[in-house]
Amino acid sequence: MSDQVLAHPLAALRAGLGLTGEQYLDRLDDEHFALGYGRMAKSRQKVSRWENGVNSPELPARYAMGRLHSIPREAVTDLGWPDFLLLAFPDDRPVLDSPWTLAGTVTAVAAAARGGSMQDRRGFLIASGATLSGLASSWSLALPEPAAALPRLPAKVPAETSTVSTRLTPALLDVLGQRLDDLRRLDDVLGGARLRHTAIAEYELLNSLAARTGQHGPLEHRLLSLLAESARMCGWLQFDTGHHARAQRFYITALRASATAGDHQVGANTLAFMAIQVYSKGNPQEAVDLVRTAQDATARNATPRVKSMLHARAARALSKTGESTACQRELDAARTEYARGPRDDDPPWSYWLNEGEIEMLAGSSALDLDDPRRALTHFDQARHVQYAADGYVRDHVLYLTRTARAHLQLGDLDATCAVATDAFTQNTTLNSSRPSDALDDLRDELTHHRHVRSVRDFLQFSA
C-alpha cells in the first residue's frame, strides 16, 4: 500500500487488511453470499467508486461489510453509509466513549497517541453529528466540578525509573509552558509537517510527568491544563498535515483533560480549533454549534481576548453556512471585545489574535459569502494595522491565496497572478498541506485562462 492519506473509512479498512479493491470485493462477495443475497455483480471500479463518493453500496452490500468488519447489523442501518464503518476502528472507542471522569481522562490520554502508520494516514473525521455535539455537551457539563486530584497515568517509563516521583514546582511548570509556547511560534513559521512528531514527543513528556508525580492539587491541575493544550496542539498539527482522524483523537483528548483540570479557556480554544476542522471537512453548522458551546461555557470567566477569538471563529463558521448578517454581528463583537485591551491573565496561546488577524478573518468570511470586493477591503485594512506577515508565514500564504482568489472572482487576472506568485514563492519555506492545497486549487481554476499571458507565466513558474 502507498503512504498517501486515506480519505475514506473503507480505504483505511482495506489498507489495514492489505487488500486491493478487487481483493476486498472478493472478500465482500463471500460475505454477501453467506448472508443469502447471492453473488455480487463485480466491476474493477466498484470499490473505488464507493470510496470516491461516486456511488454508494446497496444495503445488502453494507450488511456484508458489517459482517466482514464485525459491525452490528443495527448499526449499519442506524448510522448509515459510511458512518457505520467508523465502528470498525476499535482504537478510537476509548477516546470517544470513555466516561467524563478522572478515569476516562486517563484512558483517553493513554489512547490518543497510540496507533500505527495506517491510523496516522486516515484523512477523515471520526466524530460528527450527534456524536460530535454530544462530546461538546459532555465537556461543558464536566467543567463545573474539576477533580481534586489526578490519578497516576499509564506511561511507557523505563523500569529503573518507573517508581521515581517528580516533584511539581511553579518553576518546572513555567519551563514546560514555555516549551509549548516555543512550539506554537515555530508552527507559525514552519508548519505542521515539520513539527507534528516534536509535538507528540512533548505530549508524551507531559503524560509521563503526570504519571510520575506524587502531588495532588493546583499544581497538578496546571500540569493537566498544559497536557490539554499540548493535545490541542497535536490535533492542530495533525490537521495541518491532513491527518484528520488522528487530529480529532487529540482534540477530544484535549477536551477531556481541560474538563478534568477545570480549565474553561483551554477547552473553549480546543472547540474553536475543532470548528476549523469541521467547517473544512464536515458540516459547517456543526462547527457553529461547537463555537456556541465554547462561548456559553466561557461567558463569565473568559478574558476579552479569548471572547474576541471565539466571536471571530464563530464568524468564520457562519460564513461557511451563508449567514451573512450573523457573521457580521460576530465580527463586530470580536472587534469590540478586542478593543477592551489585553489582560495579565490572557492565556499565552491567545497571542496570535490582533486587529490585523481579525480583519484577515473578516476578508476570508466575505470571500466565502461571495463578496470579493469587500474581502479585498478587509485584506487591505489588515495590512495597515497589526498584521505581521513575517511571524505567521503559513497564515500569510493562506491570506495571499485568498486575496488572489478575490481578484480572480472580480476578473482581474493580472492581479490574481501577481499575488499568487508571491504566495507560491513564500510557500516554498513551509511544509503545510493547507496553503499548498489552496494554491493547487487556485492553479486548477487558472488553467481555464491559460490563453492570458500572465496566467500562462504563473502556471509555468509554479509547475
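What is the volume of the largest pocket? In this predicted model, the largest pocket has a volume of about 1,000 Å³. The second largest pocket holds about 340 Å³ of space.

**Largest pocket**

- The lining of the largest pocket comprises 41 residues.
- Nearest the centre of the largest pocket lie I276, S280, L398, R402 and R434.
- Two or more lining residues come from each of the helices α10 (170-190), α12 (218-240), α14 (264-281), α16 (304-321), α18 (355-368), α20 (393-409) and α22 (433-446).
- The greatest contribution to the lining of the largest pocket is that of α20, which supplies seven residues.
- By residue class, the lining of the largest pocket consists of 17 nonpolar, seven polar and 17 charged residues.

**Second largest pocket**

- With a volume of about 340 Å³, the second largest pocket is lined by 18 residues.
- G177, R222, S225, L226 and P348 are the lining residues closest to the centre of the second largest pocket.
- The elements that contribute two or more residues to the lining of the second largest pocket are α10 and α12.
- Of the elements lining the second largest pocket, α10 gives the most, with seven residues.
- The lining of the second largest pocket divides into eight nonpolar, four polar and six charged residues.

- Helix α10 gives two or more residues to the lining of the largest pocket and seven to that of the second largest pocket.
- Helix α12 likewise gives two or more residues to the lining of the largest pocket and two or more to that of the second largest pocket.

Key: Residues numbered from 1 in each chain as written. Predicted model: local features only at pLDDT ≥ 70, side-chain atom pairs only at ≥ 80, totals over all residues. Heavy atoms only, no water. 1 Å grid on protein atoms, 1.4 Å probe; cavity = no way out; pocket = protein on both sides within 12 Å on 5 of 7 lines; lining within 4 Å. Points joined across faces, edges and corners; volume = space filled by probe spheres on them. Helix = DSSP H or I, 4+ residues; strand = E, 2+ residues; numbered from the N terminus. Nonpolar A, V, L, I, M, F, W, Y, C, P; charged D, E, K, R; others polar.
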